[in-house]
Amino acid sequence: MPVMAGIEFSHDELDAKWADALTPAEVADRLAGVATPWYVAAGWSIELFTGRLRRHDDLEIAVPAAGFAELRERFAGCALDAPIDGRVFPDATEDELARTHQTWVRDPETGHYLVDIFREPHDADTWICRRDERIRRPYADIIRHTPDGVPYLAAEVALLFKAKATRPKDDDDFAAALPLLTAKQRETLAGWLDLVHPGHPWRAQL
């Protein structure tokens, strides 16, 4: 039987390797002045929107794919690993990176991960949803900022991604965000759920 490439880590091993992940504020400091749009994504973006604190397994940020090189410069000296189908490919090749939208940035001295960078599809300054390319928005419409300037993904977009395979923490994030969503955000998310995840249980609450 051929040996599979990549490394399969246990849940506990991954928890340990992500124990020193950067905070949104630390990433914002490191990326200060970059020209490409970027933003905190996933669960951290909901926390920045709601102010509700919870445990995070990692830190995920996103950037248009063409702008990734500029962010990569800010992590000079770090290794780039590619998580693919439950395995991690250390020091990923360009072909391996092309097989996933995720890039795990690793401190080579500690072996710990700092941030997961999503390389997202786009058309110039227009973001394209990787779940359904019919969903498109100018980056200016999907990026919000905290009072101290940390960019984060608009809640309705973050919740669309969380809706695919909801876990208890995703339901909790939806419940925390729901009272704060504007009528327009509710309408937008409802339409997207009808398009991408028809019959989703969150739909009735919107």
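Me: Which residue stands opposite D81 in β5?

Reply: W104 stands there. This is a predicted model, where local features need pLDDT of at least 70, side-chain atom pairs count only at pLDDT 80 or more, and totals for chains, interfaces and linings use all residues. Residues are numbered from 1 along each chain as its sequence is written, and side-chain values use heavy atoms, with hydrogens and water left out.

Me: What makes residues 79-84 and 102-106 strands, and why are they called a pair?

Reply: Strands are DSSP runs of E with at least two residues, and helices are runs of H or I with at least four, numbered from the N terminus. β3 covers residues 79-84 and β5 covers 102-106. Two strands pair if DSSP finds at least two bridges between them. β3 and β5 have 3 bridges, so they pass, and they run antiparallel.

Me: Which other strand does β3 pair with, and over how many bridges?

Reply: Strand β4 (residues 87-89), over 3 bridges, again antiparallel. I84 has R87 as its bridge partner in β4. The hairpin has 2 residues between the strands, and D85 takes a positive phi near 55°.

Me: Why is β3 called mostly covered?

Reply: Buried means under 20% relative accessible area, exposed over 50%, partly exposed in between (1.4 Å probe, protein chains only). In β3, 6 of its 6 residues are buried. A79, D81 and P83 point one way, L80, A82 and I84 the other. In a regular strand the side chains alternate between the two faces of the sheet.

Me: Is I46 buried or exposed, and what makes it so?

Reply: Its relative accessible area is 1%, so I46 is buried. I46 sits in helix α3 (residues 42-50). Contact means heavy atoms within 4.5 Å. By that rule I46 touches, among others, A155, L159 and D173. I46 and A155 are 109 residues apart in sequence, but their C-alpha atoms are 6.1 Å apart.

Me: How do α3 and α7 cross, and which class has what count in their contact?

Reply: Their axes come within 9 Å and cross at roughly 145°. Axes are lines fitted to C-alpha atoms, for helices over the stretch in contact, and angles run from 0 to 180 degrees between N-to-C directions. A42, G43, S45, I46 and F49 of α3 meet A155, A158, L159 and K162 of α7. The contact has 6 nonpolar, 2 polar and 1 charged residues. Ala, Val, Leu, Ile, Met, Phe, Trp, Tyr, Cys and Pro count as nonpolar, Asp, Glu, Lys and Arg as charged, and the others, Gly among them, as polar. The crossing is left-handed: the near helix is turned anticlockwise from the far one by less than a right angle, whereas clockwise would be right-handed.

Me: Which residues of α8 are buried, and what puts them on the same side?

Reply: In α8 (residues 168-177), D170, D173, F174, A176 and A177 are buried. They cover an arc of only 165° around the axis, so they lie on the same side of α8. The arc is that of the directions from the helix axis to the C-beta atoms. Their cover includes α3, α7 (155-162) and α9 (183-196).

Terms used
Lists of a residue's contacts leave out its neighbours within four places in sequence.
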